[in-house]
Amino acid sequence: MEAVTVVWTAAGVGMALVYWFVWVMGAAEVKGKRAVDLKMGSITNDKVKDKYTQYWSFFRRPKETATTEASAEKVPAFVDTFYNLVTDIYEWGWGQSFHFSPSLPGHSHREATRVHEERVSDLLGAKPGHRILDVGCGVGGPMRAIAAHSGSHVVGITINEYQVNRARAHNRKAGLDSRCEVVCGNFLSMPFAVDSFDGAYSIEATCHAPRLQDVYGEVFRVLKPGGLYVSYEWVTTSIYRADNPEHVEAIHGIERGDALPGLRRQDEIASMAKEVGFEVLKELDLALPPALPWWTRLKMGRLAYWRNSLVVRVLTVLRIAPKGVCEVHEMLYETAQHLTRGGETGIFTPMHMVLLRKPAAAESK
């Protein structure tokens, strides 16, 4: 009798733990996704593993992905695949804003994220009546924060159709669908008219472009003369040494795990912006002191990674989650280690900020 009691007690505790891990804890910041609802974007369950293998094969050597015109043309499609694979995992384990932000003493990660996003709005001087472009909007976390903070109308573009649907659903839920619009498209060739936006921003998104000048040129085209553009760029810093194997492995790990066709150097960004016609008003690495480390959240989240890995494996065994999810989750965990290493050594920053202006007398091409 006692043995039966022990078994039932253990089973009850086990079920309670599963319930806590999967349904109660939910996402790290905003419970937009539950583990039992994880999908791989628009990829059908039987194709997940194949798509992951194709992605990994393409980005295995990041610097080679954009060395020829033919390979560079393939990058957008593989970036789309990447976001099909990771969007739900990002939402579940990170929140609706797919970017980093400096830690703020006494504030949650969610509050720090909001402050980081509202800085963009303030730099642009966004206000009611303005039409603002979000270049690479993901599922729309920054878009909603900026629309709510400024009262402006924000139009986001993402290459991933699944993200479009997720963003629209979040916009409706937040009551901001009248001020937040989402378009599916490639930011290297945007479906917007010349001189049609009062301002624009990109938060850790243009790093996916094989050539930064191409996406900057498109933003320049659609901005009104005198319009401002703020971008937070992923770059290597002056500390990075290409002859240091540890530096190279960390940067290559970041590129492989984040669908990047090669990170750019910090000192290249301003000249690339000028090349397409922008005036550079301000340039600053927002990760430098007195800012607190942006990678703290990655280190503090190791327990969450372990928990999530356990949940994903269980759901895969039960065939609730598709095959290949474990591999994707493991890739993201390894990438987090490389990102942490890049932050701790100072060789990488995800928030090199540039404030650019399209000259008032400029002619869009």
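Asp267 has a relative accessible area of 58% and therefore counts as exposed (buried means under 20% relative accessible area, exposed over 50% and partly exposed in between, with a 1.4 Å probe and protein chains only). Glu268 joins Arg265 and Asp267 in a network of salt bridges.

The model is predicted, so that local features need pLDDT of at least 70 and side-chain atom pairs count only at pLDDT 80 or more, while totals for chains, interfaces and linings use all residues. Residues are numbered from 1 along each chain as its sequence is written, and side-chain values use heavy atoms, with hydrogens and water left out.

**Salt bridges**

Side chains of opposite charge can pair when their charged atoms come close. The search of the whole structure returns 13 salt bridges. One of them joins the side chains of Glu91 and Arg166 at 2.9 Å, N to O. Glu91 belongs to helix H3 and Arg166 to helix H6 (residues 161-174), so this pair ties together parts that are 75 residues apart in sequence. Helices (H or I, at least four residues) and strands (E, at least two) are DSSP runs numbered from the N terminus. Both partners are buried: Glu91 has 0% relative accessibility and Arg166 has 16%.

Lys224 and Asp198 meet through their side chains in a further salt bridge, at 3.0 Å, N to O. This pair connects strand S5, which holds Lys224, with strand S4 (residues 197-203), which holds Asp198, across 26 residues. Lys224 is partly exposed at 33%, and Asp198 is partly exposed at 22%.

**Aromatic pairs**

A pair of aromatic rings is described by the distance of the centres and the angle of the planes. There are 19 aromatic pairs in the whole structure. Rings of Phe, Tyr and Trp (its six-membered ring) pair if their centres lie within 6.5 Å; planes under 30 degrees apart count as stacked, over 60 as edge-to-face and the rest as tilted. Phe58 and Phe78 are stacked because their ring centres are 4.2 Å apart and their planes lie at 5°. Phe58 is in helix H2 (residues 48-58) and Phe78 in helix H3 (residues 69-93), 20 residues apart.

Trp234 and Phe348 make an edge-to-face pair, with 5.3 Å between centres and 80° between planes. Trp234 lies in strand S5 (residues 223-236) and Phe348 in strand S8 (residues 348-357), with 114 residues of separation.

| Residue | Relative accessibility | Class |
|---|---|---|
| Phe58 | 16% | buried |
| Phe78 | 17% | buried |
| Trp234 | 8% | buried |
| Phe348 | 2% | buried |

Phe58 and Phe78 also belong to one aromatic cluster, together with Tyr55, Phe59, Phe82, Tyr83, Tyr90 and Phe98.

**Charges over rings**

The charged end of Arg297 sits over the ring of Trp94, 3.6 Å from its centre. Lys358 is placed over the face of Phe220, 5.0 Å from the ring centre. The criterion is NZ of Lys or CZ of Arg within 6 Å of the ring centre and within 35 degrees of the ring normal.

**Nonpolar cores**

A nonpolar core is a set of buried Ala, Val, Leu, Ile, Met, Phe, Trp, Tyr and Cys residues joined through side-chain atoms within 4.5 Å. The largest has 42 residues, of which Tyr201, Trp234, Trp294, Leu298 and Phe348 touch the most other members. Another core, of 30 residues, lies apart from it and includes Ile43, Val86, Val325 and Cys326.

Terms used: Salt bridge = Lys/Arg side-chain N within 4 Å of Asp/Glu carboxyl O.
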